[in-house]
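Here is a short briefing for a first look. Keep the sequence and the 3D view side by side as you read.

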Amino acid sequence: MTIKKMEQSEALEIADRWKYDGEYAFYNMTADPEDYEEIVTAEERGDRYFSVFDGDELTGFFCVEQEGADVEIGLGLRPDLTGRGRGKVFLEEILRFVRENYSFEKIRLDVASFNQRAVKVYERAGFVKTGTAKVSTNDGIYDFTTMELKR
């Protein structure tokens, strides 16, 4: 896998063309205007968003936010690749990149609590659940689980 800073064409592909099915449609960028604007606007995206390629194929993305001694990540795997056992390798590549490029004590992420597929992948990578919160997003209030991984 190859990781590089996200380009505008990749941001638009992810935001406009990646469509998840069923309850996972929650992750469609068009479902949340704030998320959509952040990823499609270069100034808002800044240097925090990265594209992940398998060969020439865009397979995922992630963002990294340095918050004091911690790093927060958000990530997404292309819809047709989810639920096929590819999440572990995808996450490991992201964690390798973060470890090589950021200084931190722990990595934190928030995941929609219904997404047990993702929670299991994160737990297998060593993340532990540290809390829950109700978050207003996508025209509703959803339960999210916070997970952390120590360096």
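Contact here means heavy atoms within 4.5 Å. This is a predicted model, in which local features need pLDDT of at least 70 and side-chain atom pairs count only at pLDDT 80 or more, while totals for chains, interfaces and linings use all residues. Residues are numbered from 1 along each chain as its sequence is written, and side-chain values use heavy atoms, with hydrogens and water left out. Helices (H or I, at least four residues) and strands (E, at least two) are DSSP runs, numbered from the N terminus.

**Helices α1 and α2**

- Two packed helices are described by the angle between their axes and the distance between the axes.
- Helix α1 covers residues 8-17 and helix α2 covers residues 33-40; their axes come within 8 Å and cross at roughly 160 degrees.
- α1 is therefore roughly antiparallel to α2.
- Axes are lines fitted to C-alpha atoms, for helices over the stretch in contact, and angles run from 0 to 180 degrees between N-to-C directions.
- Angles under 35 degrees count as roughly parallel, over 145 as roughly antiparallel, 65 to 115 as roughly perpendicular and the rest as oblique.
- From α1, Gln8, Ala11, Leu12, Ile14, Ala15 and Asp16 take part; they meet Tyr36, Ile39 and Val40 of α2.

**Ile14**

- Ile14 sits in helix α1.
- Ile14 counts as buried because its relative accessibility is 2%. (Buried means under 20% relative accessible area, exposed over 50%, partly exposed in between, with a 1.4 Å probe and protein chains only.)
- Not counting residues up to four places away in sequence, Ile14 touches Met6, Met29, Ile39, Leu58 and Phe61.
- Met29 is 15 residues from Ile14 along the chain, and their C-alpha atoms are separated by 7.7 Å.

**Nonpolar cores**

- A nonpolar core is a set of buried Ala, Val, Leu, Ile, Met, Phe, Trp, Tyr and Cys residues joined through side-chain atoms within 4.5 Å.
- The largest nonpolar core has 27 residues, and Ile73, Val98 and Phe127 touch the most other members.
- Elements that each supply at least two residues of this core include β2 (49-54), β3 (57-67), β4 (70-77) and α4 (87-101).
- α4 gives the most to this core, with six residues.
- Another core, of 15 residues, lies apart from it; Ala11, Ile14, Trp18 and Ile39 are among its members.
- Not counting residues up to four places away in sequence, Phe127 touches Ile73, Leu91, Leu95, Ile107, Leu109, Tyr122, Met147, Glu148 and Leu149.

**Loop residues**

- Ser113 is in the loop between β5 and α5.
- Its side chain makes a polar contact with the side chain of Thr145, at 2.8 Å. (A polar contact is a pair of N or O atoms within 3.5 Å; within protein, one must be able to donate a hydrogen and the other to accept it, and residues adjacent in sequence count only if both atoms are side-chain atoms.)
- Ala69 lies in the loop between β3 and β4.
- At 35% relative accessibility, Ala69 counts as partly exposed.
- Leaving aside residues up to four places away in sequence, Ala69 touches Phe104, Glu105 and Lys106.

**Further accessible residues**

- Lys120 is part of helix α5, and at 45% relative accessibility Lys120 counts as partly exposed.
- Ser136 belongs to strand β6, residues 128-137, and at 64% relative accessibility Ser136 counts as exposed.
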